[in-house]
Amino acid sequence: MYLFMFVHMFLYACALLTHLCPRMLRAAAGVATNATIAEDDYFSSTGQFRVDNGATAALRDSLLYKLSYHRFDTVFTEPGKPSGYDRVRRSEIARKRIRLTRFKEVYTSENWVVRVYELVKASNIV
């Protein structure tokens, strides 16, 4: 099974996390019966959707964040900036060295516009 992840990292159109994630959160919160998803958990105290050190723990621990920024700390996007610098948000990502346990990266396009992950079968499942 493949999980297709379209993430625009280097282009100005890469506002996926900023624009799409809040919509995904609203949709998930609307259908969640146990109300474990709260949109406010993903925004900073000032109401911003941040991916740097101001990002909330809920966002940094989310699957979307992990799949979006997996191996991003190995990339230098702009001269004079540290690795893992998100040019669109003009900040260094908060969480580096993201380790995936349930997914394996299968493909990432040259500009990280398209990312494909494979779901890894758990060893304890027959």
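Guide: A salt bridge here is a side-chain nitrogen of Lys or Arg within 4 Å of a carboxyl oxygen of Asp or Glu. This model is predicted, with local features needing pLDDT of at least 70, side-chain atom pairs pLDDT 80 or more, and totals for chains, interfaces and linings using all residues. Numbering starts from 1 along each chain as its sequence is written, and side-chain values use heavy atoms, without hydrogens or water.

Visitor: How far apart are the closest N and O atoms in the salt bridge of R95 with D61?
Guide: Side chains of opposite charge can pair when their charged atoms come close. The salt bridge between R95 and D61 is one of eight in the structure, and for this pair the closest N and O atoms stand at a separation of 3.4 Å.

Visitor: How many residues apart are R95 and D61 in the chain?
Guide: R95 and D61 form a salt bridge that links distant parts of the chain. Counting helices (H or I, at least four residues) and strands (E, at least two) as DSSP runs numbered from the N terminus, R95 is in the loop between β3 (91-92) and β4, whereas D61 is in the loop between α2 (57-60) and α3.

Visitor: Is D86 buried or exposed?
Guide: D86 forms a salt bridge with R89, the closest N and O atoms being 2.4 Å apart. R89 is buried because its relative accessible area is 17%. For D86 the relative accessible area is 0%, so this residue is buried.

Visitor: Which residue in β5 stands opposite E105?
Guide: Strands β4 (residues 103-108) and β5 (residues 114-119) pair (DSSP must find at least two bridges) in the antiparallel sense over five bridges. The two strands form a hairpin with five residues between them, and W112 in the turn has a positive phi of about 65 degrees. Across this pairing, the residue of β5 opposite E105 is Y117.

Visitor: What angle do the ring planes of Y69 and F72 make?
Guide: Rings of Phe, Tyr and Trp (its six-membered ring) pair when their centres lie within 6.5 Å, with planes under 30 degrees apart counted as stacked, over 60 as edge-to-face and the rest as tilted. The structure holds four aromatic pairs. In the pair of Y69 and F72, the centres are 5.3 Å apart and the pair is edge-to-face because the angle between the planes is 65 degrees.

Visitor: How many residues separate F72 and W112?
Guide: Y69 and F72 are both buried. F72 and W112 form another edge-to-face pair, with 5.7 Å from centre to centre and 70 degrees between the planes. This pair links distant parts of the chain, since F72 lies in the loop between α3 (63-69) and β2 (85-86) while W112 lies in the loop between β4 and β5, at a separation of 40 residues.

Visitor: Which residues do ring pairs link into a cluster?
Guide: F72 counts as buried because its relative accessibility is 0%, and W112 is buried because its relative accessible area is 6%. Ring pairs draw these residues into a cluster whose members are Y65, Y69, F72 and W112.

Visitor: Which residues does D52 touch, not counting those up to four places away in sequence?
Guide: D52 lies in the loop between α1 (16-31) and α2, and D52 is buried because its relative accessible area is 14%. With contact taken as heavy atoms within 4.5 Å, and with residues up to four places away left out, D52 touches S91, E92, I93 and A94.

Visitor: In what order do the elements of the chain run from the N terminus?
Guide: The chain has three helices and five strands, and buried residues make up 38% of its 126 residues. Among contacts between residues at least 6 apart in sequence, 57% join residues at least 24 apart. From the N terminus on, the order of the elements is β-α-α-α-β-β-β-β.

How values were computed:
Buried means under 20% relative accessible area, exposed over 50%, partly exposed in between (1.4 Å probe, protein chains only).
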